[in-house]
Amino acid sequence: GDYYAEFTVVLGDGVVIGCMDSGANINSYPGASNFGWGYWSVISGLLGNASFVGVLPSISNGQTMGLAISIVQKKAWINVNGGNWNGDIPANQNPVGYVGGIDMSNFINNAVGGIVYFAGCAQGTGRGRNIRRRVRG
């Protein structure tokens, strides 16, 4: 299936947004292990299966990140505030038509129980953090 979620950063200087499977440690963040991948705002980068994958547009307070995933195509696309998917032009990166996309085949092929979850967390100490979510699929 194809799924889409939006996460709005309400307050926080470090957020991680992505996907995990049931093998992931709930006290960790998406991309920190082989059980997930995610966008980490501190480095404006994508982490997949515990490795750095690439740089994407930055996100900060009040901005919304869109995350589109195709389980069948084993691909993902991320945008900030409705901008270009994966920081590239629509002709190169667009979930409509499955153009481009971040390769998630290793993660999806090895997902524990075949189940993938959207996940988001805010990091840091001493201040409140909050991420709003909206999921369609």
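# Close-up views of a predicted model

Figure 1. The model is predicted. Lys74 sits in the loop between β6 (64-70) and β7. Its phi is positive, at about 60°, although Lys74 is not a glycine. Most residues other than glycine have a negative phi.

**Figure 2. Asn86, a buried loop residue with positive phi.** Asn86 belongs to the loop between β7 and β8. Phi of this residue is near 55°, again a positive value in a residue other than glycine. Asn86 has a relative accessibility of 13% and therefore counts as buried.

**Figure 3. The aromatic pair of Tyr4 and Trp85.** The structure holds one aromatic pair. Its members are Tyr4 and Trp85, in an edge-to-face arrangement with 6.3 Å from centre to centre and 80° between the planes. Tyr4 comes from strand β1 (residues 2-11), whereas Trp85 lies in the loop between β7 and β8 (102-103), so the pair ties together parts that are 81 residues apart in sequence. Trp85 is buried, with a relative accessible area of 16%.

Figure 4. Asn79 is part of strand β7 (residues 75-80). With 6% relative accessibility, Asn79 counts as buried. A polar atom of the Asn79 side chain lies 3.5 Å from the backbone oxygen of Gly83. Leaving aside residues up to four places away in sequence, Asn79 touches Thr64, Met65, Gly66, Asn84 and Trp85. Trp85 in this list is also the partner of Tyr4 in the aromatic pair.

Figure 5. Gly18 is located in strand β2 (residues 15-21). Its relative accessible area is 0%, so Gly18 is buried. Beyond four places in sequence, the residues that Gly18 touches are Pro30, Trp37, Gly38, Leu67, Tyr117, Phe118 and Ala119. For Ala119, the C-alpha atom is 5.3 Å from that of Gly18, although the two residues are 101 residues apart along the chain.

**Figure 6. Strand β3, covered on both faces.** Strand β3 (residues 36-40) has five of its five residues buried, so the strand is largely enclosed by the rest of the structure. Gly36, Gly38 and Trp40 are buried on one side, and Trp37 and Tyr39 are buried on the other. Trp37 and Gly38 are among the residues touched by Gly18 of the previous view.

**Figure 7. Pairing of β3 with β2 and β4.** Strands β2 and β3 run antiparallel and are joined by five bridges. Within this pairing, Ile17 has Tyr39 of β3 as its bridge partner. Strand β4 (residues 45-48) is also antiparallel to β3, with four bridges between them. Here Trp37 stands opposite Gly48 in β4. The hairpin of β3 and β4 has four residues between the strands, and Ser44 in this hairpin takes a positive phi near 50°.

**Figure 8. The whole chain and its confidence.** From the N terminus on, the order of the elements is β-β-β-β-β-β-β-β-α-β-β. Of the 137 residues in the chain, 42% are buried. Among contacts between residues at least 6 apart in sequence, 57% join residues at least 24 apart. The accessible surface comes to about 6,900 Å², and carbon and sulfur atoms account for 50% of this area. The average pLDDT of the chain is 79, and 87% of the residues score at least 70. Over residues 125-131 pLDDT stays under 50; for this segment the model has 18 contacts beyond four places in sequence.

Note on methods: Residues are numbered from 1 along each chain as its sequence is written. Side-chain values use heavy atoms; hydrogens and water are left out. Helices (H or I, at least four residues) and strands (E, at least two) are DSSP runs, numbered from the N terminus. Buried means under 20% relative accessible area, exposed over 50%, partly exposed in between (1.4 Å probe, protein chains only). A polar contact is a pair of N or O atoms within 3.5 Å; within protein, one must be able to donate a hydrogen and the other to accept it, and residues adjacent in sequence count only if both atoms are side-chain atoms. Contact means heavy atoms within 4.5 Å. Two strands pair if DSSP finds at least two bridges between them. Rings of Phe, Tyr and Trp (its six-membered ring) pair if their centres lie within 6.5 Å; planes under 30 degrees apart count as stacked, over 60 as edge-to-face and the rest as tilted. Accessible areas come from the Shrake-Rupley method with a 1.4 Å probe; for residues, only the protein chains shown count as cover. pLDDT is the predictor's confidence in each residue, from 0 to 100.
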